[in-house]
Amino acid sequence: MGGARLALVDLYQAKKRIHELVRETPLVESQSLGAFNGGAIRLKLEHHQLTGSFKLRGATNAVLNLTAEQKKKGVVGVSTGNFGRGLAYAAKQAGVRCVICMSNLVPDNKVQGIKALGAEVRIVGRSQDEAQTEVDRLVAEQGMVMLDPFDQADVIAGQGTLGLELMAQWPQLQCAVVPLSGGGLISGVALAIKSINPSSRIIAVTMERGAAMYESIRAGKPVQVEEYPSLADSLGGGIGLRNQYTFDMVKELVDDFVLVSEKEIAAAIRHAYWQERQIIEGGGAVAIAALLSGKIESMGNTVLLLSGCNIDMALHHRIIGGEDVQLHDESS
Ligand SMILES: *Cc1c(COP(=O)(O)O)cnc(C)c1O
């Protein structure tokens, strides 16, 4: 079981390592969503994290954990964008070379954002798995160190500091609704919350199209799913057929899975903007989408985790203006 390999103490060590380099993000009462729930609803504004997502936590912990020898060679990662941003920033802070490989499904605003943070970017293939082949080459030929966006112990521990922060901010928390892709975020957060309050509930939310972890849990082993363009582009990608940590941890620690449609994600982005004055990306909006669409029962004191803000602002503008955005009809 995953929990046996990673323990609460690992999260506290990560916190000690990274706490001066990451922001403590606000936890606020939702003005508009309380009526959907018997208990209170609070929003964790992690999209206000430096680099625009929680990925900075895991990336910073992993970079600081490298040996001096590894730091000299540099780091490589494959990323749908936010891990690349976090890793680029973390590497720059540590004075370490950083190369990010990504598929051509990643929107251009995310590519430019990573370059601006000081990393080299290589665009390879139509899926994360294809981009991975370039990472493998850099590791084999140049001795660079690959950091995984989710399936790595120190990355999960870094994301887990978000769970520690939540329990400190709201010790009466009973339920956390968390976006799910590769599962690094929810594994770390759930480990923190359930270690401190074992009776709490953890609900995973992901998009209907390309729900790799959900399909894998259903199949009883990691499986590959087809990738589609989605408003929740930061939730794309597989979980790795040789998954070491997050498959087991999600299986053990997550109580429920909710899938949301593209329309529901758009409605959540809209709601966050007009009702809560928050700009969030699709992947960061799925917890709100799950609640608004009535797919979550009343759970007592509930946190909705808003995980990122890196959305193309022209796309955001169209969504909040009420346009019915259909990404799969657009050829770009
Ligand atoms: C990466 C990401 C997620 C999902 O995190 P996993 O650890 O892959 O499950 C959710 N939201 C945003 C904004 C992300 O960038």
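Analyst: Helix 2 (residues 8-18) packs against helix 3 (residues 55-64) at an angle of about 85 degrees, and their axes are 9 Å apart. The two helices are therefore roughly perpendicular to each other. On the side of helix 2, the contact is made by Ala14, Arg17 and Ile18, and on the side of helix 3 by Arg57, Thr60, Asn61 and Leu64. By type, the residues of this contact are 3 nonpolar, 2 polar and 2 charged.

A word on the source: this is a predicted model, in which local features need pLDDT of at least 70 and side-chain atom pairs count only at pLDDT 80 or more, while totals for chains, interfaces and linings use all residues. Residues are numbered from 1 along each chain as its sequence is written, and side-chain values use heavy atoms, with hydrogens and water left out.

The terms used so far are quickly given. Helices (H or I, at least four residues) and strands (E, at least two) are DSSP runs numbered from the N terminus. Axes are lines fitted to C-alpha atoms, for helices over the stretch in contact, with angles from 0 to 180 degrees between N-to-C directions. Under 35 degrees counts as roughly parallel, over 145 as roughly antiparallel, 65 to 115 as roughly perpendicular, and the rest as oblique. Contact means heavy atoms within 4.5 Å. Ala, Val, Leu, Ile, Met, Phe, Trp, Tyr, Cys and Pro count as nonpolar, Asp, Glu, Lys and Arg as charged, and the others, Gly among them, as polar.

Helix 2 also meets helix 8: their axes come within 8 Å and cross at roughly 90 degrees. That makes helix 2 roughly perpendicular to helix 8. Here Leu8, Asp10, Leu11, Tyr12, Ala14, Lys15 and Ile18 of helix 2 touch Ile156, Ala157, Gly158, Gly160, Thr161 and Leu164 of helix 8. This contact divides into 8 nonpolar, 3 polar and 2 charged residues.

Now to the core. The largest nonpolar core has 38 residues, and Ile186, Val189 and Ile193 touch the most other members. Such a core is a set of buried Ala, Val, Leu, Ile, Met, Phe, Trp, Tyr and Cys residues joined through side-chain atoms within 4.5 Å; buried means under 20% relative accessible area, exposed over 50%, and partly exposed in between (1.4 Å probe, protein chains only). Among the elements that give two or more residues to this core are helix 2, helix 8 (153-169), strand 7 (175-179), helix 9 (184-196) and strand 8 (201-207). Helix 9 supplies the largest share, 7 residues. Leaving aside residues up to four places away in sequence, Ile186 touches Val178, Leu180, Ile202, Ile203, Ala204, Val250 and Val254. Apart from this core lies another, of 36 residues, including Val205, Met207, Val286 and Ile288.

Strand 7 deserves a look of its own. Since 5 of its 5 residues are buried, strand 7 is largely enclosed by the rest of the structure. Both of its faces are covered, with Cys175, Val177 and Pro179 buried on one side and Ala176 and Val178 on the other. Strand 7 pairs with strand 8 in the parallel sense over 5 bridges, where two strands pair if DSSP finds at least two bridges between them. In this pairing, Val177 has Ile203 of strand 8 as its bridge partner.
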